[in-house]
Amino acid sequence: MNPMINTQAVLAANNLGPVSAEIFLVIASCAILLIDMFQKEGKRTLTYVLSLLTLVGCAVITYADFHAGTTTYTFYNMFVSDPMANLLKLFTYLAVGVTLVYSRQYAGERGMMSGNMGGEFYVLALFTLLGQMVMISGNNMLPIYLGLELMSLSLYALVAMRRDHAISTEASMKYFILGSLASGFMLYGISMIYGATGSLDITTIANLVSSNAANHTILVFGLVFVVAGLAFKLGAVPFHMWVPDVYQGSPTAVTLLLGAAPKLASFAMMFRILAEGLPRLAIDWQQMLLALAVLSLVIGNLTAIAQTNLKRMLAYSTIAQLGFVLLGMMSGVTGPRDALNYANTATAYSASMYYTITYVLTTLGTFGIIMMLARSGHEAEELADFKGLAKRSPWYAVVMTALMFSLAGVPPMMGFMAKWAVLDVVVGSGQLWLAVIAVAASLIGAFYYLRVVKVMWFDEVADASPISTPLDMRVVLSLNGILVVILGVLPGPLLAACLSAMTLTLKS
């Protein structure tokens, strides 16, 4: 063997450039954990500021890679930095950062910042982010699974953070038990795929499956378990049983950590395993995603109608919204990778990614309003708590109205363009009947979104107490609502960024 070639291979394997954001996050999180030990009881301002600065640092590092538009592998192809990963990471930083801003007052009023380690909320949120980053950039089944477990374990701890709160404790137990079961499903499926191909590397698996060098029966058997695990993490029917209970039982700040950024990581995990690792089995997994999508759209929207608890309603809304994400994923074209198939496949997957980003941005604002209306000793999570909000705070009633319209898919909000993008690729794939079902389900869903709007604008005020909100939360919440409108009126740049990132990733 040529010594020079061997040396170059080792250098490429140990290239820390693609993983620099993750390294920075680990070092910063450990430093914040140590610094927080010396903070005064209940005062976590420095921890809060350092956490946000850490996210800014990660964003600067990742944006440099995204701007370069290149694909780089490291750790023997186990980790990849490509345009899709970098774009998703940027929105993940945004989601976690906005969540921390919205959660600061809420968590403090509920004793989640007390004790010698009161800053653990921020540190666990950062470790959750680290797991998501590993999931997004994993190019091997092993780091993807490790990232998933790092994220999940941090979320289990966050859900159970209010140890004196019986409902939160119950929610954490449900989430932990069902989450462990789903992780077992996924790990068993991965082991079956390894048994069929002899590799955990996604690129190697794709090549072996394409050359018919793997046992098809064992592959499909493993695929079923992997899709079941993915469906659980996404919250798709019939693996959705944990979503409403955990959303309702968790502190609202933790619910937002559960319901926003992890969806971006789950989408990336689904893309890596199914679209990149097993494209030749698309005829199998597309049918599975089809069933999951239709069930999620129908059951999610129908069940949400009966809910009066907003967090529970938004949980079922999440299930329904993810049905659209699955529709985009299953509409990708398979077959020989000529230019036409590249274009169609990239369009379908980018529509799904755009929808996921839209859902996350809208969900951030929705739960932000819920936390804004909450106060010490009172959770503003019932529909009745929003009665007459237009009279108490007209501006935030406008913001909440825009967010509800976006979730319902009303133009010109961002959610309308997201639904349009997904329906366009569904119809383009020749499945008009599926688009009809999706539109019908969305019409059903519009009822419970518009019900919130009606309660805010036309019902009498139920709680006239003043709304006390920190300046940073007011500013970010207002920008959140404005962004949902602007990206609906001018969707081109973000749609183009998603399409470009997905095209470059598929061709790498």
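Student: Where is the place of Asn77, and what makes Asn77 partly exposed?

Tutor: Asn77 has its place in the loop between E1 and E2, where E marks a strand, a DSSP run of at least two residues, while a helix is an H or I run of at least four, both numbered from the N terminus. Its relative accessible area is 39%, and since buried means under 20%, exposed over 50% and partly exposed in between (1.4 Å probe, protein chains only), Asn77 is therefore called partly exposed. Keep in mind that this is a predicted model, in which local features need pLDDT of at least 70 and side-chain atom pairs count only at pLDDT 80 or more, whereas totals for chains, interfaces and linings use all residues. Residues are numbered from 1 along each chain as its sequence is written, and side-chain values use heavy atoms, with hydrogens and water left out.

Student: Why is Tyr76 called exposed?

Tutor: Tyr76 lies in the loop between strand E1 (72-74) and E2, and its relative accessible area is 60%, which is over 50%, so the word exposed applies.

Student: What is phi of Tyr76, and what is phi of Asn77?

Tutor: Phi is near 55 degrees for Tyr76 and near 65 degrees for Asn77, a positive value in each case. Most residues other than glycine have a negative phi, and most peptide bonds are trans.

Student: Which peptide bonds are cis here?

Tutor: Among them is the bond from Val237 to Pro238, with omega near 10 degrees, and Pro238 has its place in the loop between H9 and H10. Another cis bond joins Pro411 and Pro412, with omega about 5 degrees, and Pro412 is found in the loop between helix H17 (394-408) and helix H18 (414-428).

Student: How do you know that Phe79 counts as buried?

Tutor: Phe79, which lies in strand E2 (residues 79-81), has 6% relative accessibility, and this is under 20%, so Phe79 counts as buried. Contact means heavy atoms within 4.5 Å, and leaving aside neighbours within four places in sequence, Phe79 is in contact with residues including Pro18, Tyr73, Val134 and Ser137. The C-alpha atoms of Phe79 and Ser137 are separated by 5.7 Å, although the two residues are 58 apart along the chain.

Student: Why does Asn480 count as buried?

Tutor: Asn480, in helix H20 (residues 471-489), has 7% relative accessibility, again under 20%, so Asn480 is counted as buried.

Student: Why are H4 and H12 called roughly antiparallel to each other?

Tutor: Helix H4 (residues 83-109) and helix H12 (residues 261-277) pack at an angle of about 160 degrees, with their axes 8 Å apart. Axes are lines fitted to C-alpha atoms, for helices over the stretch in contact, and angles run from 0 to 180 degrees between N-to-C directions. Angles under 35 degrees count as roughly parallel, over 145 as roughly antiparallel, 65 to 115 as roughly perpendicular and the rest as oblique, so H4 and H12 are roughly antiparallel.

Student: What makes H7 roughly antiparallel to H9?

Tutor: The axes of helix H7 (residues 166-197) and helix H9 (residues 216-234) come within 7 Å and cross at roughly 155 degrees. That angle is over 145, and H7 is therefore roughly antiparallel to H9.
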